[in-house]
Amino acid sequence: MKALNEQAAAAKEVDKEKKQRRRRQNRRPTKPSLDMLPGAGCSSVDAACGPEKWSGIIGSAPNVASEIAFNSLPTMHFNGNGGVLGLDIASEDADRGEISKSCPFPGFSFPVEEVPPGGAARSGNSKKYFDPHWSDMAVEEAIKKGRAFKATFRVNAHNRLEAYCTIDGLPVDVLINGIPAQNRAIEGDIVAIVLDPVANWVKLKGASVRSSLIPSDGVDNITEAREVIDYNDVHKEIVDLCCKSSIPSTNSLPSDNGYHNHESSGLFETVISDFENGSTLCDKLCKRLNVKTLTNSVKNWESEHREAARALERICAMISSNQSKRPTGRVLSIIRNSPRREAVIGFLALKPWVPEGVENRRQSNDQPPKKSKEPVLLAGLDYIQLIPTDSKFPKMVVNVESLPDCAKERLNNGDLSIERELIAARVDNWNEESLCPKAQVIHMLGQGGETEAQMSAILFKHRINSFDFSAESLACLPDLPWKVPEEELKIRKDLRNMCTFTIDPPSAMELDDAFSVEQLSDKTFRIGVHIADVSYFVLPDTALNTEAQVRSTSVYIPQRKLSMLPLKLSQVCSLLPGLDRLAFSIIWEIDDSGNIMQHWIGRSVIRSCCKLSYDNVDDLMHIGFGIDRLIHFEKLFPELHGHFEQKDIVDSLRILHVISMKLRESRFRGGAIELENPKLAILFDENGSPSDSFLDKRKESGSLVEEFMLLANKSVAEVISRVLPDSALLRRHPEPNLRKLKEFEVFCEKHGFDLDASTSGKLYLSLSKIKEKLRNDPVLFDIVLSYASKAMQTASYVCSRDFKGKEDEWAHYGLSFPHFTHFTSPLRRYPDIVVHRTLSAILEAESIYVKLIQTSVTANNEQIPEQQIDYGFFTGLHFDKNAAESEQGGKALSLAVLKHKVPGSEMLAEVASYCNERQLACKHAEGAGVELYLWTLLKKREVIFSSARVLALGPRFMTIYISNYAIEKRIYYDEVEGLVVEWLEATNTLVLNLPKTKPFQRRGIPGKSRAMEDVALVLNTSELVLLEDNEHPTSGSATSSASSTENNTIFPSCFPLVLQTFSTIPVALYAVGGHDGPIDVVPRIYMCSYLK
């Protein structure tokens, strides 16, 4: 019945749209006949694609999910065959292969691409909903000449008809609005786009709603400080407690495997003439406006691609002169398919779909398909729907015959429960004749309401390898028990008699870093960081290396640990107490002010004497480091190995604590910034079910460890980048997005916060002052940090050669380091292993170089300074550039690089790109795992009450921040029956109230109104019974430690509800979805009223 209602509603929409088009046609008799519009007779397609407003893609008013209405699509012309073509094939311009004046660039020529390889030929019988994609050659030429641009396609999660592309050098993202303009691109695709004329650019949302800035989606700022220590320490600790080894899953790893709009009316001639005036006009405009958007990336690009750079300058000038507008564009071609096409999660919907041009086996052409009560296969249906759980994906269709046998059998038996089954699929193809892509079902994952099925979906979606390690990989591991070979003892520095210890979560099994401390004098110390030498066991060109590279990183999902390396290898490499282990060591000579006087880097053999936990170190910090207080700590002190005493450990920790604070102060004085928001963690009971939640706050001991890990990574980055400047794997963090940083400045100014964001250091000082100002409102400061983090770009791995001549762009903005890499976690990050190999090659080259020059020096009766030999020509604090560039140095480096198989620049760039993708995917998988178990917890408790702060307001929805769970959510209140909404834009105030009289029938789309229960939980005031503290005033609910506020009770609000930015409101949280859609945690305003 629901399906029939949907079909009826869709049919009504089509009829309504036809009438509107006819009226527009009557008003504009010069326009082409709208009878040629595809979709005029597409009731079957509309029924298949559901309630999505496909009509909005064919020349009609666009669907807008934002608060600001706009129309970025110019009037479209159609060829004589009735195909929807941005390109008028019959036009004279098209015959010449010239782009129309609707493109804001000087005239240029391109071959008109008729049909992509493998596509169907154009004919008068087939409807064309999309333009054919350009060929690779045409796209490459367009990009080279600055007529088109390469970008990543990103879809608005709240409105799939809106997508955005970032063009390097432009200060704002380009909007790709509407299905035709998106031209079959899918989230994550690398696309070639062309910009629309300026007259078609849309109003920038921030330009009209500056008073209610909404944090933008899509920027995922990675906090580097959390990465250098055991990131997700709380999650990792919980996982390690629950899982002593990787838990295999039945889920599989997915295989890694020209839009022109011609205007003949001359509407844009004025705009184009401005562009065609050439560089003079734009140069003057740039100078007059002092365009900041001409960044270094544009200038550097100009030297290699002058035409493209000049085009980019002209666009920057136009953006600067139209600062209230956002550029719009269209997709010409898909350069590279997104990996996400191979990992689609969704539900099957047993609604028939007949692709255009294909007859249903049992229905004639003149009969619309109807949903039959018969089993799907018996009803003779060829296609059924696939509804993705990710709102960024379009609806898809699946060929019934291609379903797995188990699914076809269930359909044959009339098992309608298959609609509640989560399925894993991939996108097969999406041709010009279909509004929906065709998909292939790969796996049936289980019922959507089950946690295990949802977890399998997370692993599949993010392509996480959960299989056991292959026999070939395990064959590369050494036998147990393992001992340090004698030859290694001869060539490594023996540090086994040094007081060395580890600091990790109590249950951690991967101990890949350790500390040592020696006091040289009252004010001078020798502090060592020792990192497990994993590269000794993971050799290039082995099955183990290949598998580690594919996995790229360990994944810590609640109750699951999916390691990058086998557990057996962790046992051999981990710096366990009392056992001899191979390590890379960095030993600094540091004074009591944190100044580094010298350092030594080399391969070593160590023996840890103690495994400390973060809690151990925190307890010691709190009681003090005095020997007289040690008696309080003795019972908790872990077992010691060797001849060392507790006093040795305590003294070492005291020195580390003092020096780490000095290093931290120095780092922030140098311009470092820290934007760390609280993270949610889940606790589990003995049965593995989520029992509670809490916010993960960094321990003081974590800051101690962090400073020395940062220093180690920085020291190694300096060495590898100066010795091998073309093949160093670095960690780069670019400067913030200028537009979003400006929005943050406007936000702070509006709310009375002084902000100077001219440098990272000044930004940190400003945030410190704001924190002090808001010391009594820590939640509001968390919100400020959240806004600030939106402006930050994502840190990523890069090959140093990619920035040759631009070494200043190697820098890490957040840490304010000119060089940074990842070196300290080789057991869980593949890039660290690559860096270890690079460092091994440099150490080997240093040894070869010393032997070569010693031979030369001896022949000439000369002598090498002993200190330079001890600390190294290449790896010492003072780099000997002449030695590295000498004939002997070059020869030594060449031999060592070949021996240790350090990847060349091209291969290294590929490794960096892949590791970036894997790291981001794993980060999202870990976050999705936490959200899944929060959903499970809420589902078990039915409802949890909490307070929330309003982040942004508008006429349709508000964005709230629920501090107890560190999540942002939206509440939509437009088109709600029985709710009166008053939006006062002048004062940025929202008033929600109940109607005083009988609710009137709202005008709007039939069937689109929401029930009050979807927006608010409204109780009658007489029903409220105030209970004891720590209880909520409704039965059947439970509270967790996270959901309790300082007052321990959440009280409902009353109507009328008057809200402004930062207002506090009570909310009820529910778990929705699972069996019938994507899982989600939904907030509803918690209210009471006598009118209920």
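My entries follow, one topic at a time.

**Entry 1: before anything else.** I'm noting that this is a predicted model.

**Entry 2: an open sheet.** I started with the sheet whose strands run in the order β3-β2-β1-β4-β7. It is made of five strands, it is open, and the pairing is antiparallel. Which strands sit at its edges? I found β3 (174-177) and β7 (329-336) there, each pairing on one side only.

β1 (residues 149-156) and β4 (residues 190-195) pair in the antiparallel sense, with four bridges. T152 stands opposite I190 in β4.

**Entry 3: a buried strand.** Next I went to β26 (residues 944-952). Is it buried or exposed? Nine of its nine residues are buried, so I wrote it down as largely enclosed by the rest of the structure.

With β34 (residues 1064-1072), β26 pairs in the antiparallel sense over six bridges, and I944 has L1069 in β34 as its bridge partner. With β27 (residues 957-962), the pairing is also antiparallel, over three bridges. There A952 stands opposite T959. β26 and β27 make a hairpin, with four residues between them.

**Entry 4: another hairpin.** I looked up β22 (residues 679-684) and β23 (residues 690-696), which run antiparallel and are joined by six bridges. L683 has D692 in β23 as its bridge partner. These two strands form a hairpin with five residues between them. In the turn I spotted G688, with a positive phi of about 85°.

**Entry 5: two helices meeting.** How do α17 and α29 pack? Helix α17 (residues 543-551) meets helix α29 (residues 905-941) at an angle of about 55°, and their axes are 8 Å apart. That angle makes α17 oblique to α29. On the α17 side I listed Q549, V550 and R551, and on the α29 side V911, Y914 and R918. By type, the contact residues divide into three nonpolar, one polar and two charged.

**Entry 6: salt bridges.** How many does the structure hold? The count is 52 salt bridges, and I picked a few to look at.

- K128 pairs with E432, the closest N and O atoms being 3.8 Å apart. Both K128 and E432 are buried.
- R410 and D415 meet through their side chains at 3.0 Å, N to O. R410 counts as partly exposed because its relative accessibility is 22%, and D415 counts as partly exposed at 27%.
- R496 and D580 also form a salt bridge, at 3.0 Å from N to O. R496 lies in the loop between β13 (493-494) and β14 (500-504), while D580 is in strand β19 (residues 580-591), so the pair ties together parts that are 84 residues apart in sequence. D580 is partly exposed, with a relative accessible area of 22%.

Last, I noted a network of salt bridges linking R664, R667, E674, E676, R698, E706 and E707.

Methods:
Residues are numbered from 1 along each chain as its sequence is written. This is a predicted model: local features need pLDDT of at least 70, side-chain atom pairs count only at pLDDT 80 or more; totals for chains, interfaces and linings use all residues. Side-chain values use heavy atoms; hydrogens and water are left out. Axes are lines fitted to C-alpha atoms, for helices over the stretch in contact, and angles run from 0 to 180 degrees between N-to-C directions. Angles under 35 degrees count as roughly parallel, over 145 as roughly antiparallel, 65 to 115 as roughly perpendicular and the rest as oblique. Contact means heavy atoms within 4.5 Å. Ala, Val, Leu, Ile, Met, Phe, Trp, Tyr, Cys and Pro count as nonpolar, Asp, Glu, Lys and Arg as charged, and the others, Gly among them, as polar. Two strands pair if DSSP finds at least two bridges between them. Buried means under 20% relative accessible area, exposed over 50%, partly exposed in between (1.4 Å probe, protein chains only). A salt bridge is a side-chain nitrogen of Lys or Arg within 4 Å of a carboxyl oxygen of Asp or Glu.
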